[in-house]
Amino acid sequence: MLYIHIPFCHSKCAYCDFYSSARRPVDADDYIDALITEFKLRYSEISNYPTIYIGGGTPSSLNDIQIERLVKAIGELININELKEFTIEMNPEDVTSDRLRFYKSLGINRVSMGIQSFNDAELKRVGRRHSSEQAFKAVSAIKNSGLIFSCDLIYGLPEQTPESWKDSLNKLLSFEPHHFSAYLLSYEEGTALWRMREKGLITEADEDTVYTYYNILTETVSQHGYDHYEISNFARPDFHAIHNSGYWDGQPYVGLGASAHSFDGKARRYNPSDAAEYVNALKSGKLYVEIEDENEVDHTNDCIITRLRTNQGLSINDIPTRFQSEFKTQATPLVNSGQLTFNPNQNRYYIPEQNWLKADAIMRELLII
C-alpha cells in the first residue's frame, strides 16, 4: 500500500488536526519534486503496491499539471492499470466534470470527498468552504463520472440536530455512494474547534445526543443495504475500502510526504511534520525519517486496537502465544457483561455494533501492559 500526503488546503477546517496548511510553507512544484524523489528512493521497500491513496490536506488543491506529473512519475515504476484501488481525496468546491475525466484518464479509479454535512449553518460553523448546494452538485458529478466514490459525513456538529443529521444522511444515501464514512466529531487539543469549546463559544454534544445520532445512523444504513464493516465505515457489497482495510489488517505500507507514516511489519517510520524540512531533506537526496522499532507488546496492542475496530474482529491467533492467556483473562469479564462477544467456533472476539461508540474504552481494558 502506498499513501501520499498533500499538506496543502484552501483553508483549515476548525476540527482538523492533520498536518496541513492553507498557507503553503513550500512551493507546490518543489513539494511534488520531493515526493517523486522519495518514491524512487523507497520503491524497493514494498515490491507490490495493490493500492495508492493520495490524501491530505486537500490533494485537489493542486493543479492538474502537478497531479499529472506525480502520477506519471509513479507510473514509471508501478503499473497503475493493475492497481486494485487508486484513490484521490477531493473537496466539493474543486469538483468539475472535466477534472474528474482527467483524473480518470490518469488511472485514478476512486474519489473520496469530504462533505461533512448538507446543512449550510453546520458547514459554516466548522469552517468548511463549500455550501450544501456545491456538495450536492459535486456528488452528482462524481456519480455521473463512473468513478467509484466515497463520501464523509460528521455527526455531533455544533448546531446539528437529529433531524438535520438524518436529512444529511438521507441526502447522501439518495446518491447510492459505493462507500461512505460517518465520524463522530472529535475535539482535538490545538484545533480551532477545541479552542472554541474551551472559550464557551460552542457546546459539545452530550452522550445521549451522540447515541441518538449513532442510532439514526445504524438504523438508516441498514435499511439501505450497507455493510457497517468498521466503526466509522460503510460499504455496499464488494466496495469495502481496500486501502483502509489494509491498515486495520496490519498490512505493511509506505507513506510519502510531510508527516506521513510507514510500517514494514517490524518498524514504523515517521516523516517530519514540516513541509519545508521535508523538501530540503529530499533536495539533497536524503530520506528524512524517524524510525521506531515495534516490539512484541506494541505489535499485540496494535492488533487489538485495529482488528477490534472492524466487524471481522480479532482472532486469538493474532495474539502472540505468550500473551494469549493474559488477553483471555482480561476479555472474560467484558464478554460476560456483553461489551465483547466471543465466537468459539472461529476463536474470534468482536465488539458488538451497539458498543462501537465506546470501543476505545473497551479496547483499553484489553491492552497488554
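Two strands count as paired if DSSP finds at least two bridges between them. In this predicted model, strand β11 (residues 267-270) and β12 meet that rule, since four bridges join them and they run antiparallel. Within that pair, Arg 269 stands opposite Ile 291 in β12. The protein as a whole holds 13 helices and 15 strands.

**Overall form**
- The protein has 369 residues, and a compact globule with that number would have a radius of gyration near 21 Å; the protein has 21 Å, so the two agree.
- The C-alpha trace spans about 60 × 50 × 45 Å along the principal axes of the protein.
- Of the 369 residues, 51% count as buried.
- The protein exposes about 17000 Å², and carbon and sulfur atoms supply 45% of that area.
- Among contacts between residues at least 6 apart in sequence, 69% join residues at least 24 apart.

- In soluble globular proteins, nonpolar side chains tend to be buried together.
- The largest nonpolar core here has 90 residues, and Ile 4, Tyr 31, Phe 180 and Leu 217 have the most contacts inside it.
- Helix α1 (residues 28-42) gives the most to this core, with seven residues.
- Apart from this core lies another one of eight residues, including Val 126, Ile 154, Leu 157 and Ile 202.
- Leaving aside residues up to four places away in sequence, Tyr 31 touches His 5, Ile 6, Pro 7, Phe 8 and Val 26, as well as Gly 257, Ala 258, Ala 275, Tyr 278 and Val 279.

**The β10-β11-β12 sheet**
- The strands β10, β11 and β12, in that order, form an open sheet with antiparallel pairing.
- Its edge strands are β10 (261-263) and β12 (290-293), each of which pairs on one side only.
- Neighbouring strands of this sheet are turned by 20° against each other on average, with direction ignored.

**The β13-β15-β14 sheet**
- Another open sheet has three strands in the order β13-β15-β14, and its pairing is antiparallel.
- β13 (314-315) and β14 (341-343) stand at the edges with a single partner strand each, so one side of each has no neighbour in the sheet.
- Two bridges join β13 to β15 (residues 348-350), and these strands run antiparallel.
- Ser 315 stands opposite Arg 348 in β15.
- Helix α12 (residues 321-336) packs on this sheet and touches β13, β14 and β15; the direction of the helix makes about 45° with that of β15.

**Pro 344**
- Pro 344 is placed in the loop between β14 and β15.
- Its relative accessibility is 60%, so Pro 344 counts as exposed, the cut-off for exposed being over 50%.
- From C-alpha to C-alpha, Pro 344 and Leu 2 are 36 Å apart in space, and they are 342 residues apart in sequence.

**Strands β3 and β4**
- Strand β3 (residues 85-90) pairs with β4 in the parallel sense over four bridges.
- The bridge partner of Glu 89 in β4 is Ser 112.
- Strand β4 (residues 110-116) is mostly covered, with seven of its seven residues buried.
- In a regular strand the side chains alternate between the two faces of the sheet.
- From β4, Arg 110, Ser 112, Gly 114 and Gln 116 point one way, while Val 111, Met 113 and Ile 115 point the other way; all are buried.

Definitions and conventions. Residues numbered from 1 in each chain as written. Predicted model: local features only at pLDDT ≥ 70, side-chain atom pairs only at ≥ 80, totals over all residues. Heavy atoms only, no water. Contact = heavy atoms within 4.5 Å. Axes fitted to C-alpha atoms, helices over the stretch in contact; angles between N-to-C directions. Rg over C-alpha atoms; globule rule 2.2 N^0.38 Å. Buried < 20%, exposed > 50% of the residue type's maximum accessible area, 1.4 Å probe, protein only. Areas by Shrake-Rupley, 256 points an atom, 1.4 Å probe, with all protein chains shown as cover. Core = buried A, V, L, I, M, F, W, Y, C linked by side-chain atoms within 4.5 Å.
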